Amino acid sequence: MIDFTLTDEQKQLRELARKFAQREIAPLAAELDREQRFSQAIVDRYFETGLLHSHVPEEYGGAGLTSLEGCLVAEELAAACGGVASYLGANNLGLTPFMIAGSPELKEELLTRHCEGPNLAAFCLTEAEAGSDVASMRSTARRVGDENIINGTKQFITNGGVASLYSFFASENLGLGHKGISCFMVPAKTPGISHGKKEDKMGQRAADTREVCFTEVHVPARYRLGKGMDGFKIAMQTLDESRAGVAAAAVGIARAALEAAIAYSKERKQFGQPIAANQAIQFMLADMATKVEAARLLVWQAAHLHDQGLRNSKESAMAKCFAADTAMQVTTDAVQIFGGYGYMKDYPLEKYMRDAKLHQIYEGTNQIQRLVIAGQLLR
Ligand code: CAA
């Protein structure tokens, strides 16, 4: 039996996220974008809703949401602002390796403390010369006594300068390629950590995106996740999980652009009638709405599989790829429906388009998603 009906609790959760996003985020979205400003106040208020550490189990102080529930929330946040949704969501991304491979003792020590306040985490995987090709990373970790000493620079890290906890990937043996990589949880106040300048981005400008540099950072051996040298698989499993959420955010941006385009096409009059009376506009709206709903169904499928404990590499890659392409196309078409006004910063349309673009690039480019899909098809 296939059932797309949300439970009453899930509908209430979505309503809570929608109200928060429309009251606390949407009114600030243009200003944060213009000033490229990260707002800790939004994190503080979001923490008060109980949703900030949404994917962390309740026993460690999180909201204990399922992947599907996290996607419902992500869509609402991104419909208000893609940049804010990205930095709130990146907290869960940074914590996911911990949830996958952290020991109960380490979770008790680091995760519980993190979840006690409006803290953000960051996922430090990408390097200047290791973007799509994760296995070629050059960050290193060497064991000395009961510590690991980490060196390396990570690039384009969401929450890079504002996180209080990093999941940091480094190789314990560069000669072993992906089989040498480990994942470490590292509190941001550990000596030896510095940040580059805030990146001046095309879109999602509210998010604090920076280089994170580790120089001789001493990390207790117990802060290494899993058995060690299994960091590549931890990273891939993390991305399998997080791509559904990122796809949900892309759906949120696309939905916001579609809703704006529908409202505008009913108001805007040309040649004596609303432009919505023209079939050319109706067909565009019909295609936009169909793609938004198809993308959402892919997101829910990927999340549902994860919630069943099943591997969802193919489905989460499909959801991420299709939702990001949908967001780009729908926001571009929405700008077109707004005509000249769509191109102006007085309206949110051009921001939707800029914010959507990053969805085709981060959490694995859409080309990488197609590689993952094909890899699973041809196994
Ligand atoms: N789950 C478990 N294991 C997996 C896996 C998965 N999803 N994917 C791969 N593996 C395993 C493979 O089975 C293989 O195992 P063995 O060694 O036992 O054979 C091993 O990992 C290596 O796999 P591949 O040979 O497929 O690895 P690859 O080097 O060819 O790379 C890739 C595969 C898909 C291209 C991968 O590197 C990738 O996903 N790249 C994109 C990186 C990415 O998404 N970066 C995003 C950064 S985060 C970000 O953007 C967030 C932000 O700040 C907003």
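Which element gives the largest share of the shell around the ligand? In this predicted model, that element is α7, with seven residues.

## Composition of the ligand shell

The ligand is surrounded by 24 residues. The closest of these are S132, H178, K233, D240 and E363. Sorted by class, the shell comprises 10 nonpolar, eight polar and six charged residues.

## Polar contacts and burial of the ligand

For H178, a polar side-chain atom is placed 2.7 Å from a ligand oxygen; for R243, a side-chain N or O atom is 2.8 Å from an oxygen atom of the ligand. On the nitrogen side, R311 has an N or O atom in its side chain at 3.4 Å from a nitrogen atom of the ligand.

The protein buries 71% of the 1,100 Å² that the ligand exposes when taken alone. Two or more residues of the shell are given by each of β3 (147–158), α7 (231–267) and α11 (366–377).

## A buried lysine without a salt bridge

K201 is located in the loop that connects β6 (193–195) with β7 (209–220). This lysine is buried, yet K201 forms no salt bridge. The nearest side chain of opposite charge belongs to D208, at 7.9 Å, whereas the cut-off for a salt bridge is 4 Å between a side-chain nitrogen of Lys or Arg and a carboxyl oxygen of Asp or Glu.

Methods:
Residues numbered from 1 in each chain as written. Predicted model: local features only at pLDDT ≥ 70, side-chain atom pairs only at ≥ 80, totals over all residues. Heavy atoms only, no water. Near = heavy atom within 4 Å. Polar contact = N/O pair within 3.5 Å; in protein donor to acceptor, adjacent residues only side chain to side chain. Areas by Shrake-Rupley, 256 points an atom, 1.4 Å probe, with all protein chains shown as cover. Helix = DSSP H or I, 4+ residues; strand = E, 2+ residues; numbered from the N terminus. Nonpolar A, V, L, I, M, F, W, Y, C, P; charged D, E, K, R; others polar. Buried < 20%, exposed > 50% of the residue type's maximum accessible area, 1.4 Å probe, protein only. Lys, Arg positive; Asp, Glu negative; His and termini not counted.
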